[in-house]
Amino acid sequence: MSAEQDEAPAELARLWRLPVSASGLGRPAALDTERVVRTGVELADRDGLAGATLPKIAKELGVSPMSLYRHVGSKDELLVLMRDLALGAPPEVETAPGQWRAGLRQWTVAQRLVHHDRPWLPRLPIAGPPMGPHEIAWMEAGLSALSGTELDWAAKVGSLTLLSGYVRHASLLAQEHAQGRSETGLSQEETERAYGRTLARLITPDRFPQVALLFSSGLFEAAPDGAYDDPATDHDFVFGLERVLDGIAVAVDRARTGEGAAP
């Protein structure tokens, strides 16, 4: 073990699964941090975030809750550990030189898919900057996509933060819309059509001229069935992502021409 590992705080050592000194001879411990955290992720995948408490993890493992504190220091630490493990490895962002936009698009869509598969993930509190090995790997992939630009480090990190925040917002919004539809039995496409038809009967051009034009445009009738089934190609998500990338493109161009980043 290196001196740096010896000096790592216990929480960081557990997050990075750094080896610890053996406490003595005998059988290996029945539990370790990896098993506890992986069980928490499995429970959250099955039952949602509320199903991944330390007592419920202990019950799933057939141990006492107190025995978990040797491997996970607190409830808050458990969430940090679960977030990093649940993110998994980032995609291989492979683009031609200068194709930073395509690289960031791949990076962002991959993150959106992870959040779709694990809807509890964007509901975790943000406890601080990326710290775990998977989070750092995602940062590495994002920075690699921007490596051919002349953005400074602050602008690169800011770009990744902006995109990650957009993914989190879009994921939560999609979940809330789905929850709102859950009792109706309608798809998103059917919900939009019903919304458009209902409001079109209520909105008059004299009171809401622009909104009246919107509802008479046929927009809410346009989406074919199944248009929102794939979160990676969802129109609203893609539209927002492209506008965020447009803004980053302005900063990239300004850095290239020496004008500096936008204020």
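## Secondary structure and the annotated span

Helices, taken as DSSP runs of H or I with at least four residues, and strands, taken as runs of E with at least two, are numbered here from the N terminus. In this predicted model, the secondary structure of the chain comes to twelve helices and zero strands, and the elements accordingly follow one another as α-α-α-α-α-α-α-α-α-α-α-α from the N terminus on.

An unreviewed UniProt entry carries the annotation "domain: HTH tetR-type" for residues 30–90.

## Overall dimensions

The radius of gyration of the chain is 23 Å, whereas a compact globule of 263 residues would have a value near 18 Å. Along the principal axes, the C-alpha atoms fill a box of roughly 80 × 55 × 30 Å.

Of the 263 residues in the chain, 36% are buried. Among contacts with a separation of 6 or more, 69% are accounted for by residues 24 or more positions apart.

## Packing of α6 against α8

Two packed helices are described by the angle between their axes and the distance between the axes. For helix α6 (residues 100–117) and helix α8 (residues 153–181), the angle is about 35° and the axes are 10 Å apart, with a crossing that is right-handed.

On the α6 side, the contact is formed by L104, W107, T108, Q111, R112 and H115, which meet L160, L163, S164, V167, R168, A170, S171 and A174 in α8. The residues of this contact between α6 and α8 divide into seven nonpolar, five polar and two charged.

Methods. Residues are numbered from 1 along each chain as its sequence is written. This is a predicted model: local features need pLDDT of at least 70, side-chain atom pairs count only at pLDDT 80 or more; totals for chains, interfaces and linings use all residues. Side-chain values use heavy atoms; hydrogens and water are left out. Axes are lines fitted to C-alpha atoms, for helices over the stretch in contact, and angles run from 0 to 180 degrees between N-to-C directions. A crossing is left-handed if the near helix is turned anticlockwise from the far one by less than a right angle, and right-handed if clockwise. Contact means heavy atoms within 4.5 Å. Ala, Val, Leu, Ile, Met, Phe, Trp, Tyr, Cys and Pro count as nonpolar, Asp, Glu, Lys and Arg as charged, and the others, Gly among them, as polar. UniProt positions are given in the numbering used here, feature names are shortened, and annotations may be inferred rather than shown by experiment. The radius of gyration is taken over C-alpha atoms; the globule rule is 2.2 Å times the number of residues to the power 0.38. Buried means under 20% relative accessible area, exposed over 50%, partly exposed in between (1.4 Å probe, protein chains only).
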